[in-house]
Amino acid sequence: MIPIDDSPIVRDGKSLILAMDHGLEHGPVDFEEVPEKLDPATVFETATHDAVTAMAVQKGIAEGYYPSFEDDVELLLKINGTSNLWMGEPDSAVNCSVDYAAELGASAVGFTVYGGSNHEIEMVEEFRDVHEDAREYDLPVVMWSYPRGQGLKNDTKPSTISYASRLALELGADIAKVKYPGSKEAMAHAVDCAGDMKVVMSGGSKTSDYEFLSTVEAVIDAGANGLAVGRNVWQRENPTRILDALEKVIYEEETADAALEATE
Ligand SMILES: O=P(O)(O)OC[C@H]1O[C@](O)(COP(=O)(O)O)[C@@H](O)[C@@H]1O
C-alpha cells in the first residue's frame, strides 16, 4: 500500500469507481433490460459525473472508447478477467500488461484475486507481477478481492469478507473491493482488518434506490471509502439521479433518506 489520497481516482479520501466489465464477466445478459448500454460510450458518458472518480473497463473497451473521454474520465484498467463461459474453479486470465494500461492512459489498474480458489497460488503470483509493475508507474492497484471456490460455500459471510480485505492489505493492494458482508458491524471489522488501506464495497445486482443507498450509507458509516459499482448505476433508467444521491451519501456523508429527498 502506498499513499493515494492525491491520486485522481480519490476524492476527499473516497472513491466511486464505475465498473463496466460485465460484458466479459457475465456476458451480454446484463444489458438485456438496457440494450442501449451495450454501447460502452453511453456508460463512459455516465462516468463523466463528478461523483465518479474512475471507470473500470477491460483493455478492448479502453482501446476503443477511452480516447473520446480521456479529458473527463479517469481510467482504471482491469488487468485480468474471465467470461462466464468458464466452468472451472474460479480463475481469471491476465488480459493486459501494466505497460499497456499505462500507454492507454490508465490512472490505476484493477486485478481480481479469488482467494480460496484452487487457482489462488497462480493468481497471487500474477498479482505480484502486476503490483510491482504498477509501482514503476505510480499507479494505484485496486484488488477485486473475492474469495470463492469449491471450498467456500458462502462468499459473503463476515469472516470471509474480513479475510478478503486483510489478504488485499498483505499482498500490497491500495484499495480492496469487497462484497458487502451483510451488516455495518461486519463491514467495520473488514475495514479494521485492512489497516490504512482503503476498502470499497462491490455493488452487486440491482436493488431499489432505497435499499442500495441504505447499504452504501452503512458502508460509509462503517469507515469504508466508497464504492465500486456497475449494475446499480448503469442498469437504472436515470443513472445521473442515483449518482447525485451517491455523491451525497459517499462524500457528504448524508443519510440515504436525505440523499433521496434532495434528488427527487
Ligand atoms: O464475479 P461477480 O460476483 O459475478 O461480479 C463481477 C462483477 O461485479 C463487479 O465487480 C461490480 O459490478 P456490480 O456492481 O454490477 O456487481 C464488476 O466489476 C464485475 O463484472
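How many nonpolar, polar and charged residues does the shell around the ligand have? By class, four residues of that shell are nonpolar, seven are polar and three are charged. Welcome to this structure, which is a predicted model. Let us start at the ligand and then walk through some other places.

**Around the ligand**

The ligand has 14 residues around it, and those that come nearest are Ala-19, Glu-25, Gly-203, Gly-230 and Arg-231.

**The annotated active site**

The unreviewed UniProt entry places the feature "active site" at Tyr-146 and Lys-177. These positions are spread over 32 residues of sequence, yet they cluster in space, with a largest C-alpha distance of 8.1 Å.

Look for Tyr-146 in the loop between S7 and helix H6 (158–171). Is Tyr-146 buried or exposed? Tyr-146 counts as buried, because it has 24 C-beta neighbours inside 10 Å and the cut-off for a buried residue is 20 or more. Setting aside neighbours within four places in sequence, the contacts of Tyr-146 are Thr-112, Tyr-114, Asp-155, Ala-164 and Lys-179.

Lys-177, the other annotated position, belongs to strand S8 (residues 175–178). Lys-177 also counts as buried, because 29 C-beta neighbours lie inside 10 Å. Not counting residues up to four places away in sequence, Lys-177 touches Val-142, Met-143, Trp-144 and Ser-145, along with Val-200, Ser-202 and Ala-228.

**The nonpolar core**

In soluble globular proteins, nonpolar side chains tend to be buried together. Here, the largest nonpolar core has 85 residues. Which of its residues touch the most other members? They are Leu-18, Met-55, Ala-56, Leu-76, Val-109, Ala-176 and Leu-246.

Leu-246 deserves a visit of its own. Its place is in helix H10, and it counts as buried because it has 25 C-beta neighbours inside 10 Å. Apart from neighbours within four places in sequence, Leu-246 is in contact with Leu-16, Ala-51, Val-216 and Leu-227.

Another buried leucine is Leu-75, with 24 C-beta neighbours inside 10 Å. Leu-75 sits in strand S3 (residues 75–78). Its contacts, without residues up to four places away in sequence, are Ala-54, Met-55, Ala-62, Tyr-66, Leu-104, Gly-105, Ala-106 and Ser-107. Met-55, one of these contacts, is also among the core residues that touch the most other members.

**Helix H7**

Now turn to helix H7 (residues 184–193), whose buried residues are Ala-186, Met-187, Ala-190, Val-191 and Cys-193. Why are these residues on the same side of H7? They cover an arc of only 160 degrees around the axis, and therefore they lie on the same side of the helix. Among the elements that cover the buried residues of H7 are H6, S8, strand S9 (198–202) and helix H8 (209–221). Just after H7 comes Gly-195, with a positive phi of about 60 degrees.

**Two loops with a positive phi**

Asp-138 has a positive phi of about 60 degrees although it is not a glycine, and its place is the loop between helix H5 (120–136) and strand S7 (141–145). Asp-138 is exposed, because it has 11 other C-beta atoms within 10 Å and the cut-off for an exposed residue is 12 or fewer.

Glu-253 has a phi near 55 degrees, again a positive value in a residue other than glycine. This residue is found in the loop between helix H10 (239–251) and helix H11 (256–262). With 12 other C-beta atoms within 10 Å, Glu-253 is exposed.

**Pairs separated along the chain**

Pro-3 lies in the segment before strand S1 (15–19) and is exposed, with 10 other C-beta atoms within 10 Å.

| Residue pair | Separation in sequence | C-alpha to C-alpha distance |
|---|---|---|
| Leu-75 and Ala-47 | 28 residues | 10.0 Å |
| Leu-246 and Val-233 | 13 residues | 9.7 Å |
| Pro-3 and Asp-196 | 193 residues | 9.2 Å |

Technical notes
Residues are numbered from 1 along each chain as its sequence is written. This is a predicted model: local features need pLDDT of at least 70, side-chain atom pairs count only at pLDDT 80 or more; totals for chains, interfaces and linings use all residues. Helices (H or I, at least four residues) and strands (E, at least two) are DSSP runs, numbered from the N terminus. UniProt positions are given in the numbering used here, feature names are shortened, and annotations may be inferred rather than shown by experiment. Two residues are in contact if their C-beta atoms, placed from the backbone, lie within 7 Å. A residue is near a molecule or strand if its C-beta atom, placed from the backbone, lies within 6 Å of it. Ala, Val, Leu, Ile, Met, Phe, Trp, Tyr, Cys and Pro count as nonpolar, Asp, Glu, Lys and Arg as charged, and the others, Gly among them, as polar. A nonpolar core is a set of buried Ala, Val, Leu, Ile, Met, Phe, Trp, Tyr and Cys residues joined through C-beta atoms within 7 Å. The arc is that of the directions from the helix axis to the C-beta atoms.
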